[in-house]
Amino acid sequence: MMKEKTAGLGRTAPRSHGVFSLAPMPDIMPALPLFAQLRRFTLAVIAVAEFAGVLYTDAPSRAFCTGGGACKRPAGRYNGASAWHLCFSWRGDTEMVRRTLLSVVLVLVIGGLVVWAFGAAGQGNAKDKELFDEADRFVEILRLVQKQYVQEVETKALFRDAIDGMLRGLDPFSNYIPEDELSEFNKSTRGKFGGIGIQIGMRRGLLAVISPLEDTPAYRAGVLAGDLIVEIDGKSTDGIRLDEAVKILTGEAGTKVTIKVRHMTGGIEEITITRAIIEVHTVKGARRDENSEWVYMLDEEKKIGYVRVTSFVENSVIDLREALDSLQEAGVKALILDLRFDPGGILKTAVEMADLFLSEGAIVKTKGRTTPYWEATATKAGTRPYCPMVVLVNQFSASASEIVSGALQDHHRAIIIGERTFGKGSVQNVIPLRGEKSALKLTTSKYYMPSGRNIHRDEEMKDDDEWGVVPDIVVPMTPVEYVGIIRARQAADVIHNDNGRKPNGEPPKTDEPKKDEPGPETPKPEPPSPGSEKKGDDSALPTGALDAAAEETPAQPVVDRQLQRALDVLRSMDVIEKYLKKAA
């Protein structure tokens with residue numbers, strides 16, 4: 001096509017003065033596809049360049065048109081071809097034509113680029129106009145607030161609030177992660193951070209140690225469950241917020257921090273601890289043995305194993321493999337995977353966990369408005385040996401928990417027992433912003449189960465709509481019962497460090513309590529929110545019912561009826577198999 005259009009120029013031309021014209025461009029110019037506009041502009045420039053370089057002999061008068069090949073019109077007249085075309089012919093002095101057309105090339109390049117830019121912008125001008133109009137309105141309001149608001153406000157704070165408000169209007173899971181919160185967010189997803197290795201919480205307004213983590217600097221230094229932290233680096237913790245304490249206690253591995261604690265015995269001890277890389281383990285068993293190790297075999301007689309996962313972080317699958325290996329060595333014949341109160345976490349971890357129990361087929365699929373279709377499939381390599389399996393879920397099981405339980409349910413690999421899950425079927429991408437000091441966590445797609453169902457619950461959905469993972473066996477429980485389960489878990493999480501003695505047997509250094517400091521006490525633990533182990537990820541999960549029920553929880557242990565039903569189902573498996581074999 002290019003050769004056809006330029007062939008009319010030949011390699012000879014008459015002496016002439018150039019006659020060229022840019023045909024009038026009607027309003028439909030911006031409507032042309034961008035590629036077509038660029039193509040026609042390029043042809044025009046090529047034509048003029050070749051025209052300027054080949055005029056050196058006499059020849060019959062010729063003409064050229066970018067709109068349709070060699071022009072047949074008389075020289076110097078428009079032929080009214082297409083929307084944008086260039087027609088020219090020549091007679092006269094060759095040198096003058098050369099100089100003229102070299103200037104024309106420059107004019108065409110500059111002018112064409114301007115026209116092209118306006119034309120390209122015109123293709124999306126409706127949305128762009130709306131964007132710029134709203135941006136102008138936003139800037140106008142911002143300036144008015146800065147100038148006329150009753151109190152002086154920081155511009156940075158105004159922009160931060162505006163960003164938060166914009167994202168809050170999208171969904172509960174999209175949010176801006178500022179610089180001062182990004183490191184905490186990364187800790188929650190990676191499961192590793194620099195610190196001393198303790199779980200802390202506020203008890204009656206006092207900063208308390210819930211439990212030291214096993215084999216960490218705090219554990220080795222003799223920090224005990226129930227200790228009250230009264231000072232950090234010489235500063236009183238009176239009135240300190242929990243997030244402030246976390247920031248002070250965590251830090252780069254190898255650095256030191258000094259804490260003063262009051263033991264439950266009343267003695268006060270000052271402990272200097274060297275920070276190290278702490279790994280948060282999210283895979284736990286039914287109880288701890290006398291050595292504070294997790295016990296995964298729940299029923300020794302029937303060989304029923306029990307593993308609970310509190311969140312999905314980078315090392316969750318590694319820890320789960322280790323737990324399953326120990327169960328396999330002990331001769332496990334059935335398994336309970338407890339995903340209750342698990343708010344979710346990393347999508348990749350959920351896929352890998354489901355792949356442990358599936359040998360083929362889809363695990364999860366994701367689709368978005370601008371993100372490409374993606375599907376994760378199970379592989380035979382690494383699949384655990386088959387045994388009957390139950391997965392426990394409740395209304396606080398969300399996101400990655402729903403991917404695992406939904407995939408195992410669709411493939412009939414496990415029986416799901418409990419209550420309908422939360423219904424969070426959306427995927428958030430963490431997008432680093434400029435300088436990677438802050439990030440945007442944005443919902444970019446929804447995920448679908450192997451059967452094709454999307455379990456996401458939109459705000460307008462009702463209970464009779466399809467959302468969440470619906471258990472095969474529904475066992476409803478009250479908030480009071482759930483709080484009892486949480487408190488039992490808290491008690492199991494506590495690592496007792498030899499009644500206040502350090503691991504090497506040395507008794508702790510104690511002082512008499514000061515009069516102005518609170519005396520020893522054993523406050524009643526407050527139930528943590530289900531999402532507290534994974535800050536900033538799925539924080540929209542509801543906790544109000546549990547908080548309200550905490551005051552009503554009876555002192556006696558609560559029977560975990562969902563766990564009991566799982567045990568009953570698995571215990572009856574061998575009986576059912578006998579009857580099925582006989583019937584066959």
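**Close-up views of a predicted model**

Figure 1. Asp338 and Arg489 are both buried (under 20% relative accessible area; exposed is over 50%, partly exposed in between; 1.4 Å probe, protein chains only). The model is predicted, so local features need pLDDT of at least 70 and side-chain atom pairs count only at pLDDT 80 or more, while totals for chains, interfaces and linings use all residues. Residues are numbered from 1 along each chain as its sequence is written, and side-chain values use heavy atoms, leaving out hydrogens and water. The side chains of Asp338 and Arg489 form a salt bridge, 2.9 Å from N to O (a side-chain nitrogen of Lys or Arg within 4 Å of a carboxyl oxygen of Asp or Glu). This pair links distant parts of the chain: Asp338 sits in strand S18 and Arg489 in helix H12, 151 residues apart. Helices (H or I, at least four residues) and strands (E, at least two) are DSSP runs, numbered from the N terminus. Now look at Arg340 and Asp560: their closest N and O atoms are 2.7 Å apart, in a salt bridge. Arg340 is in the loop between S18 and helix H10 (347–355), and Asp560 is in the loop between helix H13 (544–550) and helix H14 (561–571), 220 residues away. Arg340 and Asp560 are both buried. A network of salt bridges links Asp338, Arg340, Arg489 and Asp560.

**Figure 2. Lys284 meets Asp493.** A salt bridge joins these two side chains, 3.4 Å from N to O. Lys284 lies in strand S13 and Asp493 in helix H12 (residues 479–493), so the pair ties together parts 209 residues apart in sequence. Lys284 counts as buried because its relative accessibility is 7%. Asp493 is buried too, with 13% relative accessible area. The whole structure holds 19 salt bridges.

Figure 3. S17 spans residues 304–309, and six of its six residues are buried. In a regular strand, side chains alternate between the two faces of the sheet. Ile304, Tyr306 and Arg308 point one way from S17, and Gly305, Val307 and Val309 the other way. Strands pair if DSSP finds at least two bridges between them. S13 (residues 283–284) runs antiparallel to S17, with two bridges joining them. Here Lys284 has Arg308 as its bridge partner. S16 (residues 297–299) is also antiparallel to S17, again with two bridges. Met297 is partnered by Gly305.

Figure 4. S16 and S17 form a hairpin with four residues between them, and Lys303 in the turn has a positive phi of about 55 degrees. S17 runs parallel to S18 (residues 334–338), joined by five bridges. In S18, Leu335 is the bridge partner of Gly305. From S17 the chain crosses through helix H9 (residues 316–329) to S18, in a right-handed β-α-β crossover. Right-handed means that, with the strands pointing away from the viewer, the path from the first strand over the helix to the second runs clockwise.

**Figure 5. Asp458 in its loop.** Asp458 sits between strand S24 (439–448) and strand S25 (473–474). Asp458 is partly exposed, at 24% relative accessible area. Gly423 is 35 residues away in sequence, yet the two C-alpha atoms are 8.5 Å apart.
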